[in-house]
Structure formats: C-alpha cells, structure tokens
Amino acid sequence: MVKSTAKDAQDLIRTLWSAYSATPTNLKIIDHYVVFAVFTALIQVVYMALVGAFPFNSFLSGVLSCVGTAVLAVCLRIQVNKENKEFKDIAPERAFADFVLCNVVLHLVIMNFLG
C-alpha cells in the first residue's frame, strides 16, 4: 500500500513537472515572484515567533505587504495567461499597468499603517 502510494506521488509530480515545463516564460517569472513574496512573508512570521513582535504594526505591515503583493501577482498571472478566455479582451500591457497601480495603492496604505 505504501509502495503504491509513493509511486503514485512520484507519477503525479512527474506529470505536473512535465506539464509545467510547457508553461510560457513570462508566467514562470510571475510564479517565481509569487513564491518569493510568500517565502518572505513566512520568514517574517518565523522571525516574529522567534524574536517577538514589539513594533506589531511593522510586522503586520510587512506580512500584509508580502501577501498583498502575492495576491496581486496571482491576479496578473490570471490576466496575462493566454489560455484563460475570460480576460482575452485585456491587453498584457493594461494588466501590468493595473498591477503596478494596485501595488502603488497597496504600499501607500501600508506606509500609512506603519505610522
């Protein structure tokens, strides 16, 4: 039972990896950016757990900045993906401009929250 489960998991990972290798480069770059933002948020949470969160607003601002940026990047990925038929009328340039504008607004709010 355990052996077949491990083999199924390996087959699943192999299938996912071969399907992901066909992904366009611009989407892979966005995926790496999302992983980086989430990893940075996790580092901040681990740091807070180990050291403490004395300026709690700063900790909260940093984590919300990372999570908000990751969410906006996922939205950008959805809009830029050519296989997604819902956003076929939106040009990639407009999607990127929306991403930048939303990031500016997000970080203005976060800087305001820092105090």
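What follows is a conversation about aromatic rings and about helix packing.

Mentor: This is a predicted model, in which local features need pLDDT of at least 70 and side-chain atom pairs count only at pLDDT 80 or more, while totals for chains, interfaces and linings use all residues. Residues are numbered from 1 along each chain as its sequence is written, and side-chain values use heavy atoms, with hydrogens and water left out.

Trainee: How are the rings of Y33 and F99 arranged as a pair?

Mentor: Rings of Phe, Tyr and Trp (its six-membered ring) pair if their centres lie within 6.5 Å, and planes under 30 degrees apart count as stacked, over 60 as edge-to-face and the rest as tilted. The centres of the Y33 and F99 rings are 6.4 Å apart and their planes stand at 80°, so the arrangement is edge-to-face.

Trainee: Which helices does the pair of Y33 and F99 link?

Mentor: Helices are DSSP runs (H or I, at least four residues), numbered from the N terminus. The two residues are 66 residues apart and belong to distant parts of the chain, with Y33 in helix α2 (residues 25–51) and F99 in helix α4 (residues 92–114).

Trainee: Is F99 buried or exposed?

Mentor: Buried means under 20% relative accessible area, exposed over 50%, and partly exposed in between (1.4 Å probe, protein chains only). Y33, at 36% relative accessibility, counts as partly exposed. F99 has 12% relative accessibility and therefore counts as buried.

Trainee: Which residues form one aromatic cluster?

Mentor: The one aromatic cluster consists of Y33, F96 and F99.

Trainee: How are α2 and α3 oriented to each other?

Mentor: Two packed helices are described by the angle between their axes and the distance between the axes. Axes are lines fitted to C-alpha atoms, for helices over the stretch in contact, and angles run from 0 to 180 degrees between N-to-C directions; those under 35 degrees count as roughly parallel, over 145 as roughly antiparallel, 65 to 115 as roughly perpendicular and the rest as oblique. Helix α2 packs with helix α3 (residues 56–80) at an angle of about 165°, their axes 9 Å apart. The two helices are therefore roughly antiparallel.
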